[in-house]
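Here are my notes on the model below. Please read them with the structure open.

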Amino acid sequence: MITIKDINEQGRINDSQLHRRIDFHSHSTFSDGALTPKALLSLASEQNIELFSLTDHDTIAGLGEAREAAKVHNIKLVTGVEISTLWKGIPIHLVALNFSEDNSALLEVLDANQKIRIDRAKKIALLLMKQGLPDLFDNAMQEAGTSQIGRPHFARVMVDQNLVKDVNKAFDRYLGNKRLGQLRDVWPDLESVLSVLNGHGMELVLAHPKRYPITVTKLKKLIFDFVQYGGTSLEVSSGNDKPESVRLLEGLIKEHKIKASVGSDFHGPYGPWCQVGKFTPFDEARIGTVWQDW
Ligand code: AMP
Ligand code: MN
Ligand code: MN
Ligand code: MN
């Protein structure tokens with residue numbers, strides 16, 4: 001597993017190359033993050049972040065607390081959310097940024113996905129039982145509490161019950177996309193979500209393009225479709241992306257005349273996640289950015 005220490009030692013992260021202190025992708029306890037929005041904004045402040053987005057999975061319920069905390073630290077909070085969708089049978093994450101919190105089109109999309117999450121959790125519990133595990137539905141719901149339930153909550157319960165050694169093993173053995181089978185296909189189509197959300201003035205960002213299990217050829221097709229459907233930008237650099245991936249994405253942003261966003265995808269201080277405000281450097285002079293006017 002790559003740790004934050006390894007990343008820093010490999011020298012991929014070079015703060016001095018960043019023009020502004022920004023991070024437009026992060027998670028809190030309102031989905032599968034480890035920190036409350038308040039604690040997350042404190043950490044962002046320690047990293048001298050100026051512009052920040054909380055992008056919990058399929059919920060904007062943490063934005064009120066985040067906004068209050070951002071005020072305390074003099075950070076400009078840009079509204080954000082990470083939406084689960086499906087493209088050609090592959091789960092794809094869409095980050096929406098800079099929207100109005102009472103946008104009814106967005107609220108409908110989130111409401112639908114929240115219902116899917118609960119229904120999917122029931123099915124995940126059944127799938128795990130078929131593989132010989134006990135019924136973990138109630139425990140996972142309890143672990144999630146008022147957060148949006150996801151696979152990480154099942155993973156944590158499995159660790160607590162000594163069914164697996166760690167969260168990574170839980171994904172490897174039981175919860176990863178390959179293991180989920182048809183439960184991958186529960187999300188709404190990327191095309192339909194983008195058709196509902198475009199034209200409302202928000203940024204529609206393809207999250208962590210290099211993290212999907214697809215070839216570069218297929219990624220190019222995804223980005224082509226994404227732009228046709230109304231997507232406006234993609235994350236040119238996400239967490240510890242390889243420098244060559246960032247170069248590829250810079251080229252695709254230019255080719256499609258779309259904009260760049262960036263983010264750490266921070267979930268917590270421990271584990272494989274990048275620290276708040278950390279991502280592989282990119283060439284800001286080459287490309288347009290979502291934050292240029294913020
Ligand atoms: P879900 O939203 O239920 O589809 O769960 C996806 C989330 O699981 C991602 O946003 C990550 O936070 C987490 N995740 C995915 N793969 C792994 C992994 N191999 N180890 C730990 N967490 C993971
Ligand atoms: Mn997550
Ligand atoms: Mn994601
Ligand atoms: Mn994320």
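1. Helices around the ligand. α4 (104-130), α6 (151-160) and α7 (167-175) each give at least two residues to the shell around ligand 1. The largest share, 3 residues, comes from α7. Helices are DSSP runs (H or I, at least four residues), numbered from the N terminus.

2. Basis. This is a predicted model: local features need pLDDT of at least 70, side-chain atom pairs count only at pLDDT 80 or more, and totals for chains, interfaces and linings use all residues. Residues are numbered from 1 along each chain as its sequence is written, chains are lettered from A and ligands numbered from 1 in the order written, and side-chain values use heavy atoms, without hydrogens and water.

3. The shell. Asp32, His57, Arg117, Arg120, Gly150, Arg151, Pro152, Val167, Asn168, Phe171, His267 and Trp273 surround ligand 1 (a heavy atom within 4 Å). By class, the shell has 4 nonpolar, 4 polar and 4 charged residues; Asp, Glu, Lys and Arg count as charged, and Gly is among the polar ones.

4. Polar contacts (N or O pairs within 3.5 Å). The Asp32 side chain places an N or O atom 3.0 Å from an oxygen atom of ligand 1. A polar backbone atom of Arg151 is 2.8 Å from an oxygen atom of ligand 1. For Asn168, a polar side-chain atom lies 3.5 Å from a nitrogen atom of the ligand. Taken alone, ligand 1 exposes 500 Å², and the protein buries 78% of that (Shrake-Rupley, 1.4 Å probe).

5. Helix contact. Ala105, Leu106 and Val109 in α4 meet Val193, Val196 and Leu197 in α9 (heavy atoms within 4.5 Å). The residues of this contact are 6 nonpolar, no polar and no charged.

Definitions and conventions. Polar contact = N/O pair within 3.5 Å; in protein donor to acceptor, adjacent residues only side chain to side chain.
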